[in-house]
Every structure is written in C-alpha cells, then in structure tokens.
Amino acid sequence: QVQLVESGGDLVQPGGSLRLSCAASGFTFSRYIMSWYRQAPGKERELVATITSAGSTLNYADSVKGRFTISRDNAKNTVYLQMNSLKPEDTAVYYCRALNSYGVYWGQGTQVTVSS
C-alpha cells in the first residue's frame with residue numbers, strides 16, 4: 001500500500017522555525033518528483049516547493065523563497081521542508097505529494113500554525 005505520512009507540524013511563534021518530514025512507502029520513492037503544498041482556511045491549495053527525483057532541481061513559491069528549503073533523502077524515502085522566519089500567513093495544513101508518469105499520491109497533511 002502506498003503511504004505518505006507527514007509529521008512535524010506544530011504551533012510556533014512568528015519568526016520561529018519548523019522542519020516538516022514526509023515519510024514514503026509502498027512505491028519507488030526515488031523515481032518521483034516530490035512537492036509540498038499548503039492550504040490555509042478559506043484558500044485554495046497552493047504549491048510551496050518541488051524537488052526532482054535526484055534532488056538536482058529545487059523550486060519554490062515566491063512567498064517562501066529564501067525562507068523555506070526542500071530536501072530529500074532517497075535512502076530514507078523521506079522529503080523534508082525546513083521552514084525558517086515563519087509568518088502568520090504561513091499558517092496552513094501542509095501536504096506532501098509524489099508525482100511521476102505512473103501516478104500521483106498525497107499525504108494526509110500536517111497542521112502548521114504561526115501565532116503569538
């Protein structure tokens with residue numbers, strides 16, 4: 001069975017940092033493009049960051065560029081999102097997604113709340 005399990009979401013103060021993890025199983029993780037999406041209350045789900053299968057290419061939404069870093073460890077079947085200088089507008093449920101020509105898989109999401 002395919003599983004993507006996010007973890008690391010928490011309540012943090014503005015300016016704080018958080019590291020999200022997404023552990024994958026049930027498919028060949030190293031052959032998939034991995035992405036982080038987020039969805040805030042009342043807003044559409046938006047793409048936050050993407051990393052190619054070998055980690056060669058990284059892409060970020062303008063809103064998080066310079067603050068967030070996506071990375072992956074194919075040996076551990078895990079993708080990460082390091083979030084620094086967090087802002088209240090970063091508050092959302094964060095989802096990881098695996099994509100290649102064979103299919104797309106989504107995790108269940110993890111809540112990130114940035115508030116004082």
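**Terms and their grounds**

A: To begin with one residue of this predicted model, Y105 has a relative accessible area of 24%, so Y105 is partly exposed. That term covers values between the 20% limit for buried and the 50% limit for exposed. Y105 sits in strand β10, residues 103-106.

Q: What makes V2, L4 and F27 count as residues that Y105 touches?
A: A contact requires heavy atoms within 4.5 Å. Leaving out residues up to four places away in sequence, Y105 touches V2, L4, F27, Y32, C96, R97 and A98.

Q: Why is the disulfide of C22 and C96 called right-handed?
A: Its torsion about the S-S bond is about 40°, so the disulfide of C22 and C96 is right-handed.

Q: Are C22 and C96 buried or exposed, and how do you know?
A: Buried means under 20% relative accessible area. C22 is at 0% relative accessibility, so C22 counts as buried. C96 also has a relative accessible area of 0% and is therefore buried.

Q: What share of the chain counts as buried?
A: Of its 116 residues, 40% do.

Q: Why is the chain called as compact as a globular protein of its length?
A: The chain has 0 helices and 11 strands. Its radius of gyration is 13 Å, close to the 13 Å that the globule rule gives for 116 residues, so the chain is as compact as a globular protein of that length. The C-alpha trace spans about 40 × 25 × 25 Å along its principal axes.

Q: Which contacts of the chain join residues at least 24 apart?
A: Among contacts between residues at least 6 apart in sequence, 53% join residues at least 24 apart.

Q: Where do N77 and S85 lie, and why is each called partly exposed?
A: N77 is in the loop between β7 (68-73) and β8 (78-83). Its relative accessible area is 25%, so N77 is partly exposed. S85 is in the loop between β8 and β9. Its relative accessibility is 41%, so S85 counts as partly exposed.

Q: Why is G55 called partly exposed, and where is G55 placed?
A: With a relative accessible area of 29%, G55 is partly exposed. G55 lies in the loop between β5 (46-51) and β6 (58-60). From G55 to R72 the C-alpha distance is 6.6 Å, although the two are 17 residues apart in sequence.

Key
Residues numbered from 1 in each chain as written. Predicted model: local features only at pLDDT ≥ 70, side-chain atom pairs only at ≥ 80, totals over all residues. Heavy atoms only, no water. Helix = DSSP H or I, 4+ residues; strand = E, 2+ residues; numbered from the N terminus. Rg over C-alpha atoms; globule rule 2.2 N^0.38 Å. Buried < 20%, exposed > 50% of the residue type's maximum accessible area, 1.4 Å probe, protein only. Disulfide = S-S within 2.5 Å.
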